[in-house]
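Biologist: I would like to learn how to read the packing of a helix and of a core from a model, one feature at a time. Could we look at the model together and begin with a single helix?

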Amino acid sequence: MDGSHTRRGQPCWFRLPQVGLTAVNDGLILRNQIFRILKRHFRGKPYYVDLLDLFNEVEFQTASGQMIDLITTLQGEKDLSKYSLPIHRRIVQYKTAYYSFYLPVACALLMAGEKLDDHTDVNNVLVEMGTYFQVQDDFLDCFGDPEVIGKVGTDIEDFKCSWLVVKALERADEEQKKLLYENYGKADPACVAKVKELYQTLDIQGAFAEYESKSYEKITKKIECHPSKAVQAVLKSFLAKIYKRQK
């Protein structure tokens, strides 16, 4: 959807000449397999209906997040003034946090006989973790090594509501904001270079390091407030996998 060229070190599927727009139908077939797999393995389980509801709800949340992301980057309507941390958080919460972090733990809770309504604190921690994960992703899109992260970042060219540009807008003076407005969202390598140079000037890397440290501390405290040591262990294992990741 965002016109990217690579994902996870491979060409995007739709970019292959023998695939093209057939990729849309391939995606639908893959999506359909979710419910075929659930039916095959869990149809006789008491939590089967709750599992179906969970996957349907998370799919809706993720698609909604993707929609918000796309409509904020509409071609011909480029306006950086509409970008803010609350907008960014809403996008990443729905687009990333629910399916990446909440869904697998929620599945485990259902299979253990738990009711999801009794674990809103776990939900909140995982959404916070997923938000932190996406901010990392935004940072790596600009400053990560394509050989390591498996893709060439295009957030600047694509006029994405990235955490980096939101922080840059917070820190920039009027002249620097003008430079951002003139160069952000353009595919010209010279414009991209100017934006990245401004990020360096505004010490966005330092801002990210501070955000990462505070997020880790905040999430860890929330985890340690949970009464179950088993749940704490699961959540801490998640956090350990992503803290200071390079890809």
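Biologist: What covers the buried residues of H10?

Modeller: Please keep in mind that this is a predicted model. The cover over the buried residues of H10 includes helix H3 (85–111), helix H4 (120–143) and helix H9 (204–224).

Biologist: Which residues of H10 are buried, and which are exposed on the other side?

Modeller: The buried ones in H10 are Val-231, Gln-232, Leu-235, Phe-238, Leu-239 and Ile-242. They cover an arc of only 125 degrees around the axis, and therefore lie on the same side of H10. On the other side of H10, Lys-229, Ala-230, Ala-240 and Lys-241 are exposed.

Biologist: What span should the 14 residues of H10 have, and how far apart are the end C-alpha atoms?

Modeller: With 1.5 Å a residue, helix H10 (residues 229–242) should span 20 Å, and its end C-alpha atoms are 20 Å apart, so the two values agree. At the start of this helix, a side-chain oxygen of Ser-228 comes to within 3.3 Å of the backbone nitrogen of Ala-230, while the residue Lys-244, which follows H10, has a positive phi, near 55 degrees.

Biologist: How should I read a nonpolar core, and which residues touch the most other members of the largest one?

Modeller: As a general idea, nonpolar side chains in soluble globular proteins tend to be buried together. Here the largest nonpolar core has 32 residues, of which Leu-51, Leu-54, Leu-126 and Met-129 touch the most other members. Helix H1 (22–42), helix H2 (48–71), H3, H4, H9 and H10 each supply at least two residues of this core, and the largest share, 10 residues, comes from H3.

Biologist: What is Leu-51 in contact with, leaving aside its neighbours within four places in sequence?

Modeller: With those neighbours set aside, Leu-51 is in contact with Leu-38, Phe-42, Cys-107 and Leu-110. Apart from this core lies another, of 27 residues, among them Leu-169, Leu-180, Leu-198 and Ala-207.

Biologist: How many disulfides does a search of the whole structure find, and is Cys-191 buried or exposed?

Modeller: The search of the whole structure finds zero disulfides. Cys-191 is in none, and the nearest cysteine sulfur, that of Cys-142, is 15 Å away. Because its relative accessible area is 11%, under the 20% cut-off, Cys-191 is buried, whereas Cys-225, at 67% relative accessibility, counts as exposed.

Notes: Residues numbered from 1 in each chain as written. Predicted model: local features only at pLDDT ≥ 70, side-chain atom pairs only at ≥ 80, totals over all residues. Heavy atoms only, no water. Helix = DSSP H or I, 4+ residues; strand = E, 2+ residues; numbered from the N terminus. Expected span 1.5 Å × (residues − 1). Buried < 20%, exposed > 50% of the residue type's maximum accessible area, 1.4 Å probe, protein only. Arc of directions from axis to C-beta. Contact = heavy atoms within 4.5 Å. Polar contact = N/O pair within 3.5 Å; in protein donor to acceptor, adjacent residues only side chain to side chain. Core = buried A, V, L, I, M, F, W, Y, C linked by side-chain atoms within 4.5 Å. Disulfide = S-S within 2.5 Å.
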